[in-house]
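Student: Please take a close look at one part of this structure, the pockets, and describe what lines them.

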Amino acid sequence: MERYILKITHVVKHILRRNAVLKICFGILVLVIIYLKMASLQGRKTVYQHYRIVEGQNEGLTASDPQVFRLNGQNLTITSGTIHYFRVHPHYWRDRLRKLRAMGAVAVETYAPWNLHEPYKDEYDFGNGGFEMSPFLDVVKFMKMAKEEDLLVIFRPGPYICAEWDFGGLPSYLLSDGAKVRTTDPAYLSRVEKYFSKLLPLVAPLQVIHGGPIIMFQVENEYGALRDPEHKYMVELKHIMDSHGVKGLYFTSDSPEPSLDTGGLPDLGVLQTANFKMDGPLQMRTLQQLQPDRPIMAMEFWTGWFDHWDKPLHETFQFQVYLEKLKEILAFPASVNLYVFHGGTTFGFLNGANNDDTEDSYHPDTSSYDYDAIVTEAGDYTVKYTATLELFRGIQSHLYHPPPPTALPRILALSLRLTQELPWPQIVSQLPAPKGELRNRKDFIFMEDLPADGEGRHQSFGYVKYTRGIKVNELGAKLKLKGRVRDILIVLVDNKRQTIILSEGSQTDEFGFWASQEDELELKVGPGEHTLELLVENCGRINYVKTLEWLSQKKGLGPDNSITLEGAEFTSGIDVVGMPFLSEWVSRLSGWQDRVRVGEKEAPSLIKAEFHLSPDQISDTFLDIRAWKRGVVYVNGFNIGRYFSGGPQLTMYIPAPLLRVGENTIMIFEHYVNAPTIQLLTDPMFL
């Protein structure tokens, strides 16, 4: 539409330069058009006005008509998009919500991550917990802001959310508790009850029946995808939600072909919705057969896809195919939620992982959750946005739609000099000394089973270091490892790395990586007494499985692992220390050296760059990691995520609100190879 307007404007300007009378007439015509347009807009109402949503008592959303939903008695075709508040810097919440509403959407859909809202057992955080991610967690503020931006809310509180999020959003302490997740196991349901008793009373007053934005609540998530579902578990979950004030329309979401109503609660009147990408007509027809008297909704129409670190290329969804599939949904007719409208970023160590429907397969997700979505990771418009706007506004032509916000400029591009390095021995020297059951052990212990720290908190993320004394008797001594590593093992002897550099995803079947087992490593050391260190990185827990048993995998090395030596012998038991690499701990480290070694590293190290920014330089930017290998990045003390130059993500998004006027610091924990500089770019790069 815009290009036609530009063409017409060009022609009109050409004519008016030559005719004064026409110029006057044209001016009058423009005033008339503006007046008529304003009168037309004044006749259109906002979502909350049109559906007569007022403070107090409302009828709410109903789903008893085969064609459409009804909100306060008015027909409603839901046009919605996903924004995960916990993946978007809160400074940008309003910008992303405005872009969604301007596109013609009437609702925003979001999950709630249990493992962020309860980061440690019995410690809850809804925005004021004082943890690194606390500013991202004020879900009530996000929902109230959605209402301010004329959006309704579809809420999916879990407890399991999938979402390419660590352990599907479940807190890892459930593993150490031995709870059978997503079942009626009392050890699990009692924890769900306690969590929901904190979360749901916060959002219950925000239901549309009370004048708030929430129109729908999901029970669990994609439960029908399991081979071993338990219907009673779903019933119990709904009862828990009922008991904490949820009164609106409930729904479940699955791919109805082939799961049918396995993951649903049709016997309790819960609406079924569909998740799909390419086979929309099949899924919607199946849904229609399952519930012929209820409206059809695609709760997840996948607008793109997510990336894995061990896959070579960035996932995309070709624009014309996307548009064709979206039109199929709207023509069915059906309501739709775009999963995702804006993906954002999985900051910190919070990425999930997938498997190939086998117990031992493993593919960790990238930090970027760009998803090839309607709006990019940094909030940029795409061609999908323009096309979707035309379709959605056509569906919602009776409503007022605000203009799309101006895209935020990105101007920050710098080459930063590396200023300091903290070598591995200096990092290790600042770890707590192993004590009690973690000293001189006979066997390994998983991360989740490590004793709580002095504040009663268990480790969920980061690394675990296992140390033993060894005596090498001959050159060519070998270390043999039994069992799988979860997930990446770096072997060091006397602070020198013995394992290979991870350069590409295809190497993951070699020694020290998750696809390897019953393998051996030649130690490049001579005879004598040595210190053996096994540093294991947790690369993210699996978030999606079809067999529940596969979901509960602990990280690090455990009792099912063992190491033996050939040409050498052990001189001590195993000392264990957790390395969660919390931002506050990293920021307190001392002993930095002013000399930075460039190139291949003997052992992992922390590298720092300090730089000054003026007010006119502050903007979103991207850190180029192509000349680095693998590690973690902290920007002014905030963990922005993992990187791996093997792709497909080649840059790391740094939102402007993380930067400061004045002095800034970037710290990188690099495992293998560091570049001579840090490059900041204005645009992202993918393989």
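Tutor: Helices (H or I, at least four residues) and strands (E, at least two) are DSSP runs, numbered from the N terminus. The model is predicted: local features need pLDDT of at least 70, side-chain atom pairs count only at pLDDT 80 or more, and totals for chains, interfaces and linings use all residues. Residues are numbered from 1 along each chain as its sequence is written, and side-chain values use heavy atoms, with hydrogens and water left out.

A pocket here is an open set of points on a 1 Å grid over the protein atoms alone, where a 1.4 Å probe fits, with protein on both sides within 12 Å along at least five of seven lines; lining residues have an atom within 4 Å of a point. The largest pocket holds about 1400 Å³ of space. Its lining consists of 25 nonpolar, ten polar and eight charged residues. Nonpolar covers Ala, Val, Leu, Ile, Met, Phe, Trp, Tyr, Cys and Pro, charged covers Asp, Glu, Lys and Arg, and the others, Gly among them, are polar.

The second largest pocket holds about 590 Å³. Glu222, Trp302, Trp305, Asn354 and Tyr544 are the closest to its centre among the 29 residues that line it. Helix H10 (256–259) and strand E10 (297–302) each supply at least two residues of that lining.

Technical notes. Grid points are joined across faces, edges and corners, and a volume is the space filled by probe spheres set on the points.
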